[in-house]
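Subject: Structure for your files

Hello,

The structure is below, and my notes on it follow. Please read them with the model open.

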Amino acid sequence: MNRLQRYLFRNLLIALLYSTAGLTLTIWLSQSLRLIEMVVEAGAPMRVFLWLLVLTVPTFLGIVLPLALVGAVLFTYNRLATDSELVVMRAAGVGPFALAAPAMVLAFGVTVVVYVLNLWLTPAAHQELVRMEYAVRSDYSQLFLREGVFNEVGDRFSVFVRERDSEANLHNVIIHDGRVPEKPVTIMGERAVMLTGSEGARFVVYNGNRQELDRKTNRLSQLFFERYAVDLKVLSSASAERYPDARERSTDELLHPSPQMAEDPKMMRDLLAELHHRLSSPLLALAYTMVALACLLSGEFNRRGQSVRVTTAVLVVMAIQSAVLGLSSLAAKVTVLVPLMYVLPVAALAPAAWILSRNLRRRVPPGGEAAAG
């Protein structure tokens, strides 16, 4: 790139960084509210919340970057047109493709970054994020017990704690287990502690008794103990082994599904749609950029602003993005729509390139060809 194009590229890059940061912070804010609610209710430490917040970034950055690039292109070229800088450049013989080159170079860079995110970072981050969320619900949620009330730890399982001391000992504990309606169990103890390990969380109750009522015979059996352990890992469905969805699968798993996955037609459709979504969505950075450039660089410039052209570009990009989201959802149900995931970006890219090329053969002033190089 010559000096003029480097100047345009620098302005575009700065605008891209600002727009990406703004969109990321906006999405972060909405995500953080959900994560804070989940972490606070579970009583998990702050480091867990911060790690969850970091893991959310790769999951949406692949969508944010193309949209942020469109905002950067619209802002930069519209500002240059308002300041008459584009008018001077065009008068010096710089053609539309020469003006568009820095934006396209940046779009190629964003495309590469989105490919790296889609193929490697995003699946790994999404898998870890889901794992951490389930871990918070299944482990930490059992540890956060309020004093003086019955805490619903799991389905038909409640815990009462009179008080908690500074050493995390729970005093005057009552545990009611009604998961088996015919034989409800009540455990009472003087003291209890919560232990966590590789096998999950558990209560260890000291100096108490276990009462079990057989509703068929109305007989009550009691067991007095000095120490009794109650496993909490199996209390909630969140702790059960789950089947990862297509977004959590690595690209290698999508390309080479296991025999078990191959036996499930619905799973195979989901894997196929996810694979082609990862391969086709980075092309949107090129398509969106070309649409914005076609709207702003075609025709004559107006120093009063180009609000109509900017609005047109925004509406076209919104329409494409809506169609992409709809196709991604439909492709998992109707596999014949998968090729349209590639056709859509190309269908937006080709007309925009043709619109820019209409002004390519315009008359260039003497010496302008060198400036345009």
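A salt bridge here is a side-chain nitrogen of Lys or Arg within 4 Å of a carboxyl oxygen of Asp or Glu. This is a predicted model, in which local features need pLDDT of at least 70 and side-chain atom pairs count only at pLDDT 80 or more, while totals for chains, interfaces and linings use all residues. Residues are numbered from 1 along each chain as its sequence is written, and side-chain values use heavy atoms, with hydrogens and water left out.

Salt bridges

The whole structure holds 9 salt bridges. One of them joins E128 to R131, with the closest N and O atoms 2.7 Å apart. E128 and R131 are 3 residues apart in helix α4, so about one helical turn separates them. (Helices are DSSP runs of H or I, at least four residues, numbered from the N terminus.) E128 is partly exposed at 23% relative accessibility, and R131 is also partly exposed, at 46%. Buried means under 20% relative accessible area, exposed over 50%, and partly exposed in between, with a 1.4 Å probe and protein chains only.

In helix α7 (residues 265–280), R278 and E274 lie 4 residues apart, about one turn of the helix. They form a salt bridge with the closest N and O atoms at 2.9 Å. R278 is buried at 2%, and E274 is buried at 14%.

Helix α2 (residues 46–82) spans only 47 Å between its end C-alpha atoms, whereas a straight helix of 37 residues would span 54 Å at 1.5 Å a residue; the expected span is 1.5 Å times one less than the number of residues. α2 bends by about 50 degrees at L61, the bend being the angle between axes fitted to the seven residues ending there and the seven starting there.

L61 is also among the residues that T20 touches, along with V64, L65 and A68, not counting residues up to four places away in sequence; contact means heavy atoms within 4.5 Å. T20 is found in helix α1 (residues 3–42) and is buried, at 12%. Its side chain reaches the backbone oxygen of L16 at 2.7 Å.

Nonpolar cores

A nonpolar core is a set of buried Ala, Val, Leu, Ile, Met, Phe, Trp, Tyr and Cys residues joined through side-chain atoms within 4.5 Å. The largest has 49 residues, of which L69, V73, Y77, L86, L293 and L297 touch the most other members. Its largest share, 13 residues, comes from α8. Apart from it lies another core of 16 residues, including F157 and F203.

Regards

Notes. Helices (H or I, at least four residues) and strands (E, at least two) are DSSP runs, numbered from the N terminus. A polar contact is a pair of N or O atoms within 3.5 Å; within protein, one must be able to donate a hydrogen and the other to accept it, and residues adjacent in sequence count only if both atoms are side-chain atoms.
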